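Here's a quick briefing to read alongside the model. It covers a few individual residues and some ring pairing.

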Amino acid sequence: MLTFTLGCLYLLEGLVIAWLLKNNFNLFGFIYNRANKKFFLILDLIFSALCLLSIAEQAHWFLMILFLMHVVNSGTLLLYSNSFYETKNEMRELGETTIVNSMIGLVSVAGIFCIYITCLLYTSPSPRDLSTSRMPSSA
C-alpha cells in the first residue's frame, strides 16, 4: 500500500507544479534560491523514505531507481550545492518552461508507474496459489 501512496504523492506533486506554472509562479527562481535548500532536502528525504519502505514492501527495480534518484539529488544538494546553483544560467538557456514541463512529466510517469506496480502486487498470483495443482488427483 506504500507504493500506491508514493504514486499518489508523485501525481500530487505533478499537479502542484502544473498549478504553480499556470498561476505564473516563478518556480525556476524558487528552485535556484539557496534559501530553499532545506525545503528540497526535506522533500527528498520524505520521498527517499517512502521509496525505501516501498522497496521493503515489494522489491521492484523501478522503486530502486526512484530511491537512487532521490539519494543522488540530496547528495548533490549537500555536497555540491555550489555546482548545482551555478547551473542556473545553463538551465535558463534550455528554457524554463521546458524544464518545468519535464519535471511535471517525470513525476507523473513516476506516479503512474508506482500505482501500476501496486496493481501488479495485488493482482499477481501468490506462490502459495501456484504450488497447489488444479488438476484432480488420480487416487
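**Quick look at a predicted model**

Let's start with Glu-86, which sits in helix H5, the stretch covering residues 81-86. Keep in mind that this is a predicted model.

- Glu-86 counts as exposed, because its relative accessibility of 59% is over the 50% cut-off.
- Tyr-32 is 54 residues away from Glu-86 along the chain, yet the C-alpha atoms of the two are separated by 9.0 Å.

**Thr-118 in helix H7**
- Thr-118 belongs to helix H7, which runs over residues 96-123.
- With a relative accessibility of 7%, Thr-118 falls under the 20% cut-off and therefore counts as buried.
- Once you set aside the neighbours within four places in sequence, Thr-118 is in contact with Thr-3 and Phe-4.

**Aromatic rings**
- A pair of aromatic rings is described by two things: the distance of the centres and the angle of the planes.
- Counting ring centres within 6.5 Å of each other as paired, you get twelve aromatic pairs.
- One of them joins Phe-39 and Phe-40, with 5.2 Å centre to centre and 75° between the planes; that angle is over 60 degrees, so the pair is edge-to-face.
- Phe-39 and Phe-40 also belong to a cluster with Phe-25 and Phe-30, linked by ring pairs.
- Is Phe-39 buried, exposed or partly exposed? Phe-39 has a relative accessibility of 44%, so it lands between the 20% and 50% cut-offs and counts as partly exposed.

Note on methods
Residues are numbered from 1 along each chain as its sequence is written. This is a predicted model: local features need pLDDT of at least 70, side-chain atom pairs count only at pLDDT 80 or more; totals for chains, interfaces and linings use all residues. Side-chain values use heavy atoms; hydrogens and water are left out. Rings of Phe, Tyr and Trp (its six-membered ring) pair if their centres lie within 6.5 Å; planes under 30 degrees apart count as stacked, over 60 as edge-to-face and the rest as tilted. Buried means under 20% relative accessible area, exposed over 50%, partly exposed in between (1.4 Å probe, protein chains only). Helices (H or I, at least four residues) and strands (E, at least two) are DSSP runs, numbered from the N terminus. Contact means heavy atoms within 4.5 Å.
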